[in-house]
Structure formats: C-alpha cells, structure tokens
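Subject: Structure for your review

Dear colleague,

Please find below the structure that I am handing over to you, together with its sequence. My findings follow after it.

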Amino acid sequence: MLLFFLFSCEGKSKLISIKPDIITESTLNDTDDPAIWVHPTDPSKSIVFGTDKETNGAIYAFDLEGNILANKTIRNIKRPNNVDVGYSFRMNDTLTTDIMVFTEREKQQIRLFSVPEMIPLDNGGFKVFEDAENIESKLPMGIALYKSPKDGLFYAIVSRKYGPKKGYLHQYTLTLDGGRIQTKLVRKFGNFSGKKEIEAIAVDAEMGFIYYSDEGHGIRKYYAEPSKGNEEISCFGRDYFQDDIEGIAIVKMANQNGYLIVSDQQRGQFNLFDRKTNAFVKAVHLSTLETDGCEVVSTPLNDTFNSGLFVAMNNNKNFYFYDLDKILK
C-alpha cells in the first residue's frame with residue numbers, strides 16, 4: 001500500500017516538497033540540461049553550465065549564487081540539447097585542460113570547448129551519426145563524457161532524437177592528431193524500446209558503466225569500455241516512474257557507494273537507486289516542474305553547498321540548486 005501511495009499513476013508527487021537553496025536567473029528560451037565544473041583550487045568559484053534549447057540557444061554559465069556569468073556564456077548555438085564536462089584532457093606532452101562538450105542538434109554535431117577559458121577546440125564542431133539514412137536520425141540530443149581509467153582516453157557517448165532498436169547510441173574517441181582534436185566512431189550500441197526516445201546519458205567512470213534513459217521503458221546499463229562488448233547488463237526502474245524517465249545524475253561516494261538520481265518527469269519527483277546494486281532506495285520531491293536534465297557533485301563547494309551540489313532543470317527557464325544532503329538525508 002505504501003508503494004502504491006508513493007508511485008500511484010494518479011498524477012503529481014504526494015511527497016513533502018523540498019525547496020531549492022538557489023534558483024538561477026532566467027535564460028531566454030527553454031532550459032534543458034546542466035553540468036557542473038568544480039574549480040581545482042577554489043571550489044567556491046565552480047561553475048554550473050546549462051543548455052538553453054532553441055535555434056537561438058546558448059550554454060549559460062552560472063556562479064553558485066545562480067547569477068549568469070556573461071563572459072563564460074556561449075551564445076548563438078543552434079538548439080543545444082545536453083552538456084557535460086571532463087577534466088585534464090591532454091593537449092600535448094605538458095599541457096592539459098578541462099573541457100565541456102554539448103550537442104548542437106540543428107547542426108547535427110557536437111561541440112568542444114575548454115573550461116574555464118571557454119575557447120572552442122573543435123574547429124566549428126564534429127559531425128555525428130553521419131551514416132544515418134534520414135535527417136531525424138542525425139539529430140544529436142544526449143551526451144556524456146567517459147575518461148577511461150585504463151589509458152586516460154576520452155570518449156563522447158551521444159544519443160539522438162530518433163534511432164534504431166539496436167545501436168541507438170554512438171561512442172566516439174576524442175584525440176589529438178597533428179595539433180588538432182579529432183573524433184572517431186568506435187562503436188554503435190544500445191537497445192531502444194521504440195516507445196519514445198533516448199536523451200539522458202550518465203557515465204560512472206570509476207565503476208565502468210554507462211546508464212541511459214529509454215524514456216518509456218527503463219534505465220539501461222552497459223559497459224563503458226568498448227572492448228567489453230555491447231551486451232546490455234540490465235534494464236531497471238520502470239515500475240517506479242509515472243511516464244517519462246529523464247535526467248540521470250550519479251552521486252559518487254567512497255568505496256563505490258552512492259546513488260543514481262533519476263527524474264520522474266511527469267510526477268515531479270526524483271527516484272534514487274543504489275549505485276552498486278541499482279535497487280530502488282527512495283523518492284524525493286524537489287518542487288521542480290517537468291525536469292529534463294540533472295547533475296550532481298559530492299564535493300563540498302561553499303557554505304551553502306557544504307555536502308555537494310545537486311542541480312535540476314526547472315520548466316520555467318531556470319535551474320534549481322540544492323545542497324546534496326537535503327536530498328540524501
């Protein structure tokens with residue numbers, strides 16, 4: 001009876017609403033997906049990036065007070081969808097840089113910038129899904145970075161608006177060749193139910209897994225290393241969602257403990273699953289509307305976010321920031 005109460009198909013969440021610590025300034029169009037860059041020496045100067053999904057779109061940059069950082073915001077992007085960040089990408093024998101990637105749907109490509117300098121590193125963009133037979137199957141949506149613990153190689157895993165029931169996702173290497181960064185398709189993988197679409201992707205690099213939301217079906221799990229093959233490990237969670245399964249954020253704690261936090265979009269709440277077992281733990285209601293993307297870090301950042309930061313897209317042209325302990329405890 002308790003499960004029925006929590007996960008009834010009757011509509012909105014009936015859980016007690018948890019209010020955000022910070023609500024960002026508004027974007028121009030339609031927020032979708034956040035990413036968090038943690039400053040290497042002063043966490044209080046960390047930046048939250050968020051996509052504004054429209055033809056005249058942008059990647060907005062926010063400080064931890066939710067203020068827009070105009071000098072870090074990238075504008076005039078053709079419908080940016082999802083965004084992710086990575087650390088210590090090697091540019092040469094002595095130089096590394098942190099990076100941000102995002103999908104630019106209307107140009108059928110992914111973009112790559114340095115962080116926090118916000119310098120483009122992609123010569124205008126990298127095309128994706130080039131062998132697709134129709135335009136709808138070339139439109140990128142979700143993206144996540146994976147840095148291999150084995151050899152330090154960076155990969156971008158990309159989903160799209162439409163795709164086949166096998167090989168919906170493509171995985172690309174990001175490597176430096178002749179002084180320029182290049183992408184190379186290394187595998188096509190990922191089952192698709194055919195029910196809705198696949199957008200949200202999250203990578204647990206330490207444990208070696210890729211998770212993605214087959215929105216009308218379940219959370220799918222695969223190995224992140226291409227050499228480990230394309231067989232699905234598991235598909236879980238469907239019974240805990242009202243309708244669309246959306247953004248995935250991974251809370252990484254010591255000894256491989258932690259949680260997957262996944263948006264139950266139409267119910268207006270988030271479901272937590274155990275990082276090791278993927279068993280359901282609990283649901284929380286964070287007062288957001290129709291959340292697509294979300295992201296989390298467990299690093300203390302400042303007095304407001306002294307246990308870490310969880311960021312969720314809100315369907316009012318903004319993002320909500322929460323101290324992580326509000327969600328976990």
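I begin with P116, which sits in the loop between β8 and β9 (126-127). The peptide bond that joins V115 and P116 is cis, with omega at about 10 degrees. Please bear in mind throughout that this is a predicted model.

Two further loop residues deserve a look for their backbone angles. F129 lies in the loop between β9 and β10. Its phi is positive, at about 55 degrees, although F129 is not a glycine. The relative accessibility of F129 is 0%, so this residue counts as buried. S287 belongs to the loop between β21 (280-284) and β22, and S287 too is a non-glycine residue with a positive phi, here of about 70 degrees. Is S287 buried or exposed? With a relative accessibility of 17%, S287 falls under the 20% cut-off and therefore counts as buried.

As to the overall fold, the protein contains two helices and 24 strands. Its radius of gyration is 18 Å, close to the 20 Å that the globule rule gives for 329 residues, so the protein is as compact as a globular protein of that length. Along the principal axes, the C-alpha atoms fill a box of roughly 60 × 45 × 40 Å. Buried residues make up 57% of the 329. Of the contacts with a separation of 6 or more, 49% are between residues 24 or more positions apart.

The largest nonpolar core comprises 18 residues, and I99, I110, L112 and L174 have the most contacts inside it. At least two residues of this core come from each of β7 (96-104), β8 (109-115), β10, β11 (154-160) and β12 (166-177). The largest share, three residues, is supplied by β11. For L174, the contacts beyond its neighbours within four places in sequence are F89, V101, L145, L153, F154, A156, Q182 and T183.

Elsewhere, strand β20 (residues 269-274) holds F273. This residue counts as buried, at 1% relative accessibility. Between F273 and L260 there are 5.0 Å in space, C-alpha to C-alpha, and the two are 13 residues apart in sequence.

Turning to open spaces, the largest pocket has a volume of about 750 Å³. It is lined by 36 residues, of which D84, V85, V203, K252 and E295 are the closest to its centre. Two or more lining residues are given by each of β2 (31-37), β6 (80-90), β10 (140-147), β14 (198-204), β18 (245-252) and β22 (294-297). By class, this lining consists of 24 nonpolar, six polar and six charged residues.

How many cavities of 30 Å³ or more does a search of the whole structure find? The search finds one. The largest cavity has a volume of about 30 Å³, and its lining is formed by D32, D33, N82, E199, A200, E246, G247, D292 and G293. Strands β2, β14 and β18 each give two or more residues to that lining. Five of the residues lining the largest cavity are charged, three are polar and one is nonpolar.

With kind regards

Conventions:
Residues numbered from 1 in each chain as written. Predicted model: local features only at pLDDT ≥ 70, side-chain atom pairs only at ≥ 80, totals over all residues. Heavy atoms only, no water. 1 Å grid on protein atoms, 1.4 Å probe; cavity = no way out; pocket = protein on both sides within 12 Å on 5 of 7 lines; lining within 4 Å. Points joined across faces, edges and corners; volume = space filled by probe spheres on them. Helix = DSSP H or I, 4+ residues; strand = E, 2+ residues; numbered from the N terminus. Nonpolar A, V, L, I, M, F, W, Y, C, P; charged D, E, K, R; others polar. Core = buried A, V, L, I, M, F, W, Y, C linked by side-chain atoms within 4.5 Å. Buried < 20%, exposed > 50% of the residue type's maximum accessible area, 1.4 Å probe, protein only. Contact = heavy atoms within 4.5 Å. Rg over C-alpha atoms; globule rule 2.2 N^0.38 Å.
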